[in-house]
Amino acid sequence: MPDASSWRCFVAVALGEELRASLAAAADRWRAHPNTSGLRWTDPDGWHLTLAFLGDTDPGRVPALLAALNRATGGAASAAYPTGGLGAFPSSGRARVLWYGMEDPERHLRRLAAAVRRELGLPPDDRFRAHVTLARARHDPVDLRPFLESAAAPEGVLDVTAIHLMRSHLGRGPARYESLAAVLLGGSST
């Protein structure tokens with residue numbers, strides 16, 4: 001059981017408001033599809049691209065974590081990534097997660113996530129897939145194949161100019177997320 005004084009933290013890239021709005025409008029339509037009835041939809045206000053999950057974290061470690069994130073982003077440049085497309089983990093026929101993807105043909109996001117994990121002392125994640133979690137299965141896995149074959153995801157752009165050290169606030173209702181600090185690509189905190 002986590003210590004009551006610890007924080008549940010992760011590192012993420014925030015979605016811009018235009019992308020968030022177009023994706024939220026599409027998700028409102030997708031909820032009516034019969035194959036999505038077994039999903040619990042996430043709150044659009046909390047949508048983000050997770051680079052690394054830290055879990056229970058001592059709040060006193062925040063300055064050291066920010067120093068590590070500054071090192072991880074020091075050589076990274078701001079960039080814009082095309083978005084679009086839907087998928088499911090672990091598979092579309094037995095989905096536990098419905099996601100919206102980011103294109104990363106040059107693997108810059110993958111390298112950024114790897115640098116963050118390395119500087120934070122976390123093991124590598126060879127399965128990293130740049131995505132936003134839209135919904136999770138309520139109970140049993142869901143067959144999303146008919147939905148994924150017919151759903152048209154909005155295209156957009158994810159502007160990556162900073163990464164955020166985030167804190168999760170869990171409890172009743174959807175999780176709430178708080179940005180503890182932003183680290184600009186190029187290595188400075190705000």
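Ala151 counts as buried in this predicted model, because its relative accessibility of 19% falls under the 20% limit. Ala151 is found in the loop between α4 and β7. Not counting residues up to four places away in sequence, Ala151 touches Trp30 and Leu86. Trp47 is 104 residues away from Ala151 in sequence, and the two C-alpha atoms are 19 Å apart in space.

**Aromatic pairs**

The structure holds 3 aromatic pairs. In one of them, the ring centres of Trp30 and Phe147 are 6.0 Å apart and the planes stand at 80°, so the pair is edge-to-face. Trp30 belongs to helix α1 (residues 17-30) and Phe147 to helix α4 (residues 145-150), so this pair ties together parts that are 117 residues apart in sequence. Trp30 and Phe147 are both buried.

Another pair consists of Phe89 and Trp99 and is tilted, with 5.6 Å centre to centre and 35° between the planes. Phe89 lies in strand β4 and Trp99 in strand β5, 10 residues apart. Trp99 is buried, at a relative accessible area of 9%, whereas Phe89 is partly exposed at 29%. The peptide bond that leads from Phe89 to Pro90 is cis, with omega near -5°. Pro90 sits in the loop between β4 and β5.

The relative accessibilities quoted for single residues in this report are set out below.

| Residue | Relative accessible area | Class |
|---|---|---|
| Trp99 | 9% | buried |
| Ala151 | 19% | buried |
| Phe89 | 29% | partly exposed |
| Arg107 | 45% | partly exposed |

**The sheet**

Strands β4 and β5 belong to an open sheet of 5 strands with the order β2-β6-β5-β4-β7 and antiparallel pairing. Its edge strands are β2 (39-41) and β7 (156-160), each of which pairs on one side only. Direction ignored, neighbouring strands of this sheet are turned by 35° against each other on average.

β5 (residues 97-102) has 6 of its 6 residues buried, so the strand is largely enclosed by the rest of the structure. In a regular strand, side chains alternate between the two faces of the sheet. In β5, Val97, Trp99 and Gly101 point one way, while Leu98, Tyr100 and Met102 point the other way, and all are buried.

On one side of β5, strand β4 (residues 79-89) runs antiparallel and is joined to β5 by 5 bridges. Here Thr83 stands opposite Met102. The pairing of β5 with strand β6 (residues 131-137) is also antiparallel and extends over 5 bridges, with Gly101 opposite His131. β6 in turn pairs with β2 in the antiparallel sense over 3 bridges. Within this pairing, Arg136 of β6 is the bridge partner of Arg40.

Arg107 has a positive phi of about 65° although it is not a glycine. At 45% relative accessibility, Arg107 is partly exposed.

**Helices and core**

Helix α1 lies across β2, β4, β5, β6 and β7, and runs at about 135° to β7. Helix α2 (residues 62-73) has 12 residues. From its first C-alpha to its last, α2 reaches 16 Å, close to the 16 Å expected at 1.5 Å a residue. The buried residues of α2 are Val62, Leu65, Leu66, Ala68, Leu69, Asn70, Ala72 and Thr73.

In soluble globular proteins, nonpolar side chains tend to be buried together. In this model the largest nonpolar core has 53 residues, of which Val11, Trp30, Val116, Leu134 and Ile163 touch the most other members. Trp30 is thus a member of this core as well as the partner of Phe147 in the edge-to-face pair. Leaving aside its neighbours within four places in sequence, Val116 is in contact with Val11, Leu51, Ala52, Leu69, Ala72 and Ile163. Among these contacts, Leu69 and Ala72 are buried residues of α2.

Technical notes
Residues numbered from 1 in each chain as written. Predicted model: local features only at pLDDT ≥ 70, side-chain atom pairs only at ≥ 80, totals over all residues. Heavy atoms only, no water. Buried < 20%, exposed > 50% of the residue type's maximum accessible area, 1.4 Å probe, protein only. Helix = DSSP H or I, 4+ residues; strand = E, 2+ residues; numbered from the N terminus. Pairing = 2+ DSSP bridges. Phe/Tyr/Trp six-rings, centres within 6.5 Å; stacked < 30°, edge-to-face > 60°. Core = buried A, V, L, I, M, F, W, Y, C linked by side-chain atoms within 4.5 Å. Contact = heavy atoms within 4.5 Å. Axes fitted to C-alpha atoms, helices over the stretch in contact; angles between N-to-C directions. Expected span 1.5 Å × (residues − 1).
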